[in-house]
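Please open the structure in your viewer and keep the selection tool at hand. This tour moves from one selection to the next and says what can be found at each stop.

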Amino acid sequence: MSTHPKSPARTAARPAVRRLPRVLVALLSLGALTLVSPGEAQARKKKPKSDPSYLYLDGVRERVFWNDGDSFKVMEGSRKGLKARLVGYNTLESYGPVHFWGGFHGWELYRIAKDGAKFAQKGEWTCKVMGPVDGYGRALVECPDLRKAIIRKGYAHVFAVGEEPDAELVEAQRQAQNERLGIWSKGIPTHIVTSIHSTDELTDEDRAKGKTNSYNRVCDTRTGKSFVIEHTTPFKPCDAWCYGASCMVYLPFDVRFGDKRPACVVGDGGERNRLVAAPVLGYPSTETKDDKSARQARGDK
């Protein structure tokens, strides 16, 4: 899921910060269409209601609801309402077609994110709570068998925050990449953008403390190490930010669901979230002076 565990990044030794002199922002074209596109129709196709999901948490069998492939909520018992974020890996955001790289458009990676959630739902995994809650109020949970399996299937990528990645997980990811599975099937970016934060999200308390920078988080697809890139950009809904050949569309939480979703994540908008060649590709000129004179005489530009 594109949200990530905040507490390791905030409370543990913070990983080295990389700064960009300029943050590249591409405003995606907004369509006025309200019809559901073929890509969205396939991505949002209704499936039969799934059976309840269970896993073992600290030795206790719990009924859970999987929000996506890396987070769940306990639905019954003494821990009812407990929200959990799994550590060691990350799945893509499943609230809309916001990721794109290689030959993928947004709806294609959205479907893979949903497939990752279904994969997590079908197993009774053995898990344990690792420690305090993260910045989103979720317990950090480790499910060793699940994280290795979901990475090996290509539904997720290794994701280490402030610590060394598990070598076994990195090897499972390398195998999935070599076989072009899941999120690697139409291209392998050097990095994946996992979250975007606008400076508009800074609170009055942040500003009172003199904080002016926000950050975006990216993850190296070779090593599994994540790091933050600080910036001073006030992103707006549907701005896209790219790093290491992957891109992500910025959507603040209040427009991610329901009728408030903007056009860039509805219908054809999700299919336009993709990498395309520039209209004019630059290349070294081989034109001679005589060629130039002849071209100008013809009135060609």
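This is a predicted model: local features need pLDDT of at least 70, side-chain atom pairs count only at pLDDT 80 or more; totals for chains, interfaces and linings use all residues.

Residues are numbered from 1 along each chain as its sequence is written, and side-chain values use heavy atoms, with hydrogens and water left out.

**A helix**

Select residues 106–121, which form helix α3; helices (H or I, at least four residues) and strands (E, at least two) are DSSP runs, numbered from the N terminus. This helix has 16 residues and reaches 23 Å from its first C-alpha to its last, close to the 22 Å expected at 1.5 Å a residue, where the expected span is 1.5 Å times one less than the number of residues. Is α3 mostly enclosed or open? Because 12 of its 16 residues are buried, α3 is largely enclosed by the rest of the structure; buried means under 20% relative accessible area, exposed means over 50%, and partly exposed lies in between (1.4 Å probe, protein chains only). Among the buried residues of α3 are Trp-107, Leu-109, Ile-112 and Phe-119.

**The nonpolar cores**

Next, select Trp-66, Phe-72, Val-141, Leu-146 and Ile-151, which touch the most other members of the largest nonpolar core, a group of 23 residues. A nonpolar core is a set of buried Ala, Val, Leu, Ile, Met, Phe, Trp, Tyr and Cys residues joined through side-chain atoms within 4.5 Å. Several elements each supply at least two residues of this core, including β4, β5, α3 and α5, and α4 gives the most, with 3 residues. Now centre the view on Leu-146, which touches Trp-66, Leu-86, Tyr-89, Phe-119, Ala-120 and Trp-125, not counting residues up to four places away in sequence; contact here means heavy atoms within 4.5 Å. A second, separate core of 21 residues includes Phe-100, Cys-238, Val-255 and Cys-264.

Then select Arg-85 in strand β6, which is buried at 0% relative accessibility, and whose side chain makes a polar contact with the side chain of Asn-90 (2.9 Å). A polar contact is a pair of N or O atoms within 3.5 Å; within protein, one must be able to donate a hydrogen and the other to accept it, and residues adjacent in sequence count only if both atoms are side-chain atoms.

**Loops and a hairpin**

Most residues other than glycine have a negative phi. Arg-180, in the loop between α5 (167–178) and β12 (191–195), has a positive phi near 55° and is partly exposed at 47% relative accessibility. Cys-238, in the loop between β14 (226–231) and β15 (239–243), has a positive phi of about 85°, and this residue is buried, with a relative accessible area of 1%.

Finally, select β15 and strand β16 (residues 246–249), which run antiparallel and are joined by 4 bridges; two strands pair if DSSP finds at least two bridges between them. In this hairpin, which has 2 residues between the strands, Gly-244 takes a positive phi near 60°.
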